[in-house]
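Here is a short report on one protein chain. Look over the sequence and the structure before reading on.

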Amino acid sequence: MKSISNMGNAGLGRRMAPARSGWEEAARKMSTNRDDELLIPDVFEEDGFEEW
């Protein structure tokens with residue numbers, strides 16, 4: 001995928017990194033640093049499952 005920038009009359013094309021590039025390494029670092037805790041719980045206390 002290319003990004004086109006318009007600077008004056010010169011059109012510059014440059015390669016963009018693929019989507020989610022580097023996410024695997026970032027997730028590994030977060031896990032190592034114990035920074036991978038959920039900010040929002042998976043289940044809220046008011047989500048009653050009794051009717052299920």
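## Confidence

Strand β1, residues 2-7, has the lowest confidence in the protein chain, with a mean of 55. Helix α1, residues 23-32, has the highest, at 94. Keep in mind that this is a predicted model.

Across the protein chain, the mean pLDDT is 77. Of its residues, 63% reach 70 or more.

## Salt bridges

How many salt bridges are there? The count comes to two.

One pairs Glu 24 with Arg 28. Their closest N and O atoms are 3.0 Å apart. The other salt bridge joins Arg 28 to Glu 25. Here the closest N and O atoms are 2.9 Å apart.

## Spacing along the helix

Where do these residues sit? Glu 24 and Arg 28 are in helix α1, four residues apart. Because of that spacing, about one helical turn separates Glu 24 from Arg 28.

Arg 28 and Glu 25 also both lie in helix α1. They are three residues apart, about one turn of the helix.

## Exposure

Is Glu 24 buried or exposed? Glu 24 is exposed, with a relative accessible area of 58%. That value is over 50%, so Glu 24 counts as exposed.

Arg 28 is partly exposed, at a relative accessible area of 43%. Glu 25 is partly exposed too, with a relative accessible area of 40%.

Arg 28 forms a salt bridge with Glu 24 and a salt bridge with Glu 25.

Definitions and conventions: Residues are numbered from 1 along each chain as its sequence is written. This is a predicted model: local features need pLDDT of at least 70, side-chain atom pairs count only at pLDDT 80 or more; totals for chains, interfaces and linings use all residues. Side-chain values use heavy atoms; hydrogens and water are left out. pLDDT is the predictor's confidence in each residue, from 0 to 100. Helices (H or I, at least four residues) and strands (E, at least two) are DSSP runs, numbered from the N terminus. A salt bridge is a side-chain nitrogen of Lys or Arg within 4 Å of a carboxyl oxygen of Asp or Glu. Buried means under 20% relative accessible area, exposed over 50%, partly exposed in between (1.4 Å probe, protein chains only).
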